[in-house]
Amino acid sequence: MATLPNPLPTLAADPSGRALGLTLPPGRLIDATDEGPWHEPLLWHAETPASVGVWTKLGAPAGRAGLLPVLIETGGSQGGPEDWNLMPGEVSYPGDHDADEVLEELWEDSEGEDGEEWPGLAEVPEPAAESTDSTASAEPADSPDPDTAAAEIADSLLLAGGGPFKDPHLALVPARRSADIPAAIGWSGPANHEGDVARLCAILRSWEDRFGIRVVALGFDHLLVSVAAPPSTQADAEALAAEHFAFCPDNIWQSSDTTLRAYAEHRLLNQPAWHFWWD
């Protein structure tokens, strides 16, 4: 996968992070993969559990150093990232894939909903579509800044004791954009659904552009993203629900919301975060 220069090797000689303009707590560099140690660290994570405010405290400075924050589950049944069978050698580059094409393929592989044809990408919410400023973000003008929204969701998750993520620790990953974090570490969580996580990251990139998502937390087989500009009408939510089904069918197949309409109403409409889990 094409990446920026990796700042993490600097931390091997300078664990404090001062050479990168950071002040880091004690942490670990992870290079373990399914085929043995990788040629460079894939991520750093703190030794101690994450606390409220740490995302804001370290996230922005780390971004300037070429590292992006994410909460990493370390206490799940599959252990921490050193035990996740990371596969960076099997990952392509997210920018080489078209989100609409990937979603259509995944929709067809999962036989869509009742055999219906792929309906296409959900449209950008109306306030954004009407913008006449060519430099404007795709998010509605009144939506929060995506990075601020991510910090709020991270803090909410930590206030809830980690929610579905057991013992989350703050991690820093060398990635071009938040949507690329799973590909940057060779995450294999969705392997039973899609073998090349970069294809799913292409979808995350599209959601980043359209809905202001950020990857906030990763576990062995589940993912949480914050959403700065979620759909605010049932129609928009239902259009997006088709994308979620293609991206992660288990969210509906193994949920009480067994139709796209119900899923849209209960899990997408005005929701500031989306959680995905693959069996």
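**Salt bridges, cores and a helix**

Analyst: Arg-28 is partly exposed, with a relative accessible area of 32%. Keep in mind that this is a predicted model.

User: Okay. Which residue forms a salt bridge with Arg-28?

Analyst: Glu-82 does. The closest N and O atoms of the pair are 3.5 Å apart.

User: Where do Glu-82 and Arg-28 lie?

Analyst: Arg-28 lies in strand β1, residues 27-30. Glu-82 lies in the loop between β5 (68-73) and α3 (99-109). So the pair ties together parts that are 54 residues apart in sequence.

User: How many salt bridges does the structure hold?

Analyst: The structure holds 10 salt bridges. One of them joins Arg-261 and Glu-238, with the closest N and O atoms 2.6 Å apart. Arg-261 is in helix α10 (residues 260-268) and Glu-238 is in helix α8 (residues 234-247), so parts 23 residues apart in sequence are tied together.

User: What about Glu-208 and Arg-214, buried or exposed?

Analyst: Both are buried. Glu-208 and Arg-214 form a salt bridge too, and their closest N and O atoms are 3.9 Å apart.

User: Which residues are linked with them in a network of salt bridges?

Analyst: Asp-147, Arg-177 and Asp-209 are linked with Glu-208 and Arg-214 in that network.

User: New topic. Which residues touch the most other members of the largest nonpolar core?

Analyst: That core has 55 residues. Leu-204, Trp-207, Leu-218, Leu-223, Phe-247, Trp-274 and Phe-276 touch the most other members. The largest share of this core, eight residues, comes from helix α7 (residues 197-211).

User: Pick Trp-207. What is it in contact with?

Analyst: Leave aside its neighbours within four places in sequence. Then Trp-207 is in contact with Gly-212, Ile-213, Leu-240, Glu-243, His-244, Phe-247, Trp-274 and Phe-276. Another core, of 27 residues, lies apart from the largest one. Leu-11, Leu-24, Ala-151 and Val-216 are among its members.

User: Back to α10. Which of its residues are buried?

Analyst: Leu-260, Ala-262, Tyr-263, Ala-264 and Leu-268 are buried in α10. The cover over the buried residues of α10 includes α3, α8, α9 (250-253) and β9 (273-277).

User: What follows α10?

Analyst: Asn-270 follows, and its phi is positive, near 60°.

User: Now Ser-226. Where does it lie?

Analyst: Ser-226 lies in strand β8, residues 222-227. Ser-226 counts as buried, at 0% relative accessibility. Beyond neighbours within four places in sequence, its contacts include Pro-146, Ile-153, Arg-214 and Pro-272.

User: Last one: Ala-50. Buried or exposed?

Analyst: Ala-50 is buried, with a relative accessible area of 17%. Ala-50 sits in the loop between β4 (43-46) and α2 (54-64).

User: What does Ala-50 touch?

Analyst: Not counting residues up to four places away in sequence, Ala-50 touches Leu-71, Leu-158, Pro-168, His-169 and Leu-170. The C-alpha atoms of Ala-50 and Ile-72 are separated by 9.3 Å, and these two residues are 22 residues apart along the chain.

Terms used: Residues numbered from 1 in each chain as written. Predicted model: local features only at pLDDT ≥ 70, side-chain atom pairs only at ≥ 80, totals over all residues. Heavy atoms only, no water. Salt bridge = Lys/Arg side-chain N within 4 Å of Asp/Glu carboxyl O. Helix = DSSP H or I, 4+ residues; strand = E, 2+ residues; numbered from the N terminus. Buried < 20%, exposed > 50% of the residue type's maximum accessible area, 1.4 Å probe, protein only. Contact = heavy atoms within 4.5 Å. Core = buried A, V, L, I, M, F, W, Y, C linked by side-chain atoms within 4.5 Å.
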